[in-house]
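Subject: Structure for you to look at

Hello,

Please find the structure below. My notes on it follow.

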Amino acid sequence: MKAWYEKDEFWETVANLMFAGPRWAAAPVEIEEVVALLSVKAPAAILDLCCGPGRHSLELARRGFRVTGVDRTLSYLEKARQQAAEEKLEVEFVQEDMRRFSRPEAFDGVINLFTSFGYFENPAEDRQVLVNLHRSLKPGGALVMDSVGKEVLARIFRERDWREEDGVILLEERRISKDWSWIDNRWILLKDQSRQEFRVSHRLYSAAEMTALLKGCGFDSVEIYGDLTGVPYDHTANRLVAVARK
């Protein structure tokens with residue numbers, strides 16, 4: 001059986017929930033913050049790993065960066081390519097698994113945003129992704145990785161939750177397992193008379209664990225922040241943002 005992240009049906013079904021209008025509207029501010037963390041200027045070469053339908057890749061291209069967006073979901077890439085063509089933006093979109101994509105010393109910066117990491121049950125595969133990213137960065141280049149930190153999740157954890165977006169009701173049920181290293185999610189989507197259910201799971205990292213992992217994969221320095229604005233990673237943090245430099 002395919003893992004949840006390998007199922008196109010999942011990504012296509014949740015697209016409108018994950019990439020609703022407000023998410024697209026937030027992209028310019030998020031990219032402003034990411035560029036500051038990377039300490040890069042156009043026309044630097046940027047890799048957007050797990051780019052989805054391209055909301056960050058496109059925004060980077062609008063600002064004059066040379067962008068490569070990588071994702072495994074073809075329908076997302078097709079949407080991104082169409083938008084790039086409409087705006088006459090030059091963006092390279094590549095369909096590939098993050099465990100395999102590597103382009104030695106090709107990029108000044110790499111971004112991996114909104115918990116697009118830690119999907120694999122074998123932790124060696126997480127390490128392979130980071131080794132690939134380290135290899136793909138030019139000397140002095142940086143990675144910005146954004147996820148839900150273990151400490152943040154422990155503070156805000158809710159076993160059950162729900163929300164409504166664009167006529168779809170999403171019911172979420174969460175369970176922590178493997179000594180707080182893993183989260184299992186049950187998603188139920190309700191729309192009109194239809195019901196769809198998915199299981200989504202991924203590894204959880206603390207700030208210390210993420211720092212050790214990145215340094216173990218070759219990065220020289222790692223800084224941890226509480227969101228993309230660069231605030232401290234403390235008891236008020238909203239995200240776990242790691243900035244790792246080669």
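I begin with D166, which counts as exposed because its relative accessible area is 59%. The cut-offs are these: buried means under 20% relative accessible area, exposed over 50%, and partly exposed in between, with a 1.4 Å probe and protein chains only.

Before the rest, some notes on the source. This is a predicted model, so local features need pLDDT of at least 70 and side-chain atom pairs count only at pLDDT 80 or more, while totals for chains, interfaces and linings use all residues. Residues are numbered from 1 along each chain as its sequence is written, and side-chain values use heavy atoms, with hydrogens and water left out.

Backbone

D166 sits in the loop between strand 6 (160-165) and strand 7 (168-177). Helices (H or I, at least four residues) and strands (E, at least two) are DSSP runs, numbered from the N terminus. The phi of D166 is positive, about 55°, although D166 is not a glycine. D179 also has a positive phi, near 55°, and is a residue other than glycine. This residue is in the loop between strand 7 and strand 8 (182-191), and D179 is exposed, with 78% relative accessible area. A cis peptide bond, with omega about 10°, joins A42 and P43. P43 belongs to the loop between helix 2 (21-38) and strand 1 (45-49). Why point these out? Most residues other than glycine have a negative phi, and most peptide bonds are trans.

Cores

A nonpolar core is a set of buried Ala, Val, Leu, Ile, Met, Phe, Trp, Tyr and Cys residues joined through side-chain atoms within 4.5 Å. The largest one has 48 residues, and L130, L143 and L214 touch the most other members. Helix 1 (residues 8-18) gives the most to this core, five residues. Another core, of 28 residues, lies apart from it and includes L37, A80, V91 and A142.

Contact means heavy atoms within 4.5 Å. Beyond four places in sequence, L214 is in contact with L130, L143, F219, V222, A242 and A244.

L17 is in helix 1 and is buried, at 6% relative accessible area. Leaving out neighbours within four places, L17 is in contact with R163, E165, V168, L170 and L189.

S57, in helix 3 (residues 55-62), is buried at 0%. A polar contact is a pair of N or O atoms within 3.5 Å; within protein, one must be able to donate a hydrogen and the other to accept it, and residues adjacent in sequence count only if both atoms are side-chain atoms. The side chains of S57 and D48 make one of 2.8 Å.

N132 is in helix 5 (residues 123-136) and is buried, at 2%. Its side chain has a polar contact of 3.3 Å with that of R135.

Cavity

A cavity is a set of points, on a 1 Å grid over the protein atoms alone, where a 1.4 Å probe fits but cannot get out; lining residues have an atom within 4 Å of a point. Grid points are joined across faces, edges and corners, and a volume is the space filled by probe spheres set on the points. There is one cavity of 30 Å³ or more. The largest cavity holds about 70 Å³, and its lining includes T115, F117, H202 and R203.

Regards

Key. On a 1 Å grid over the protein atoms alone, a cavity is a set of points where a 1.4 Å probe fits but cannot get out, and a pocket is an open set with protein on both sides within 12 Å along at least five of seven lines; lining residues have an atom within 4 Å of a point.
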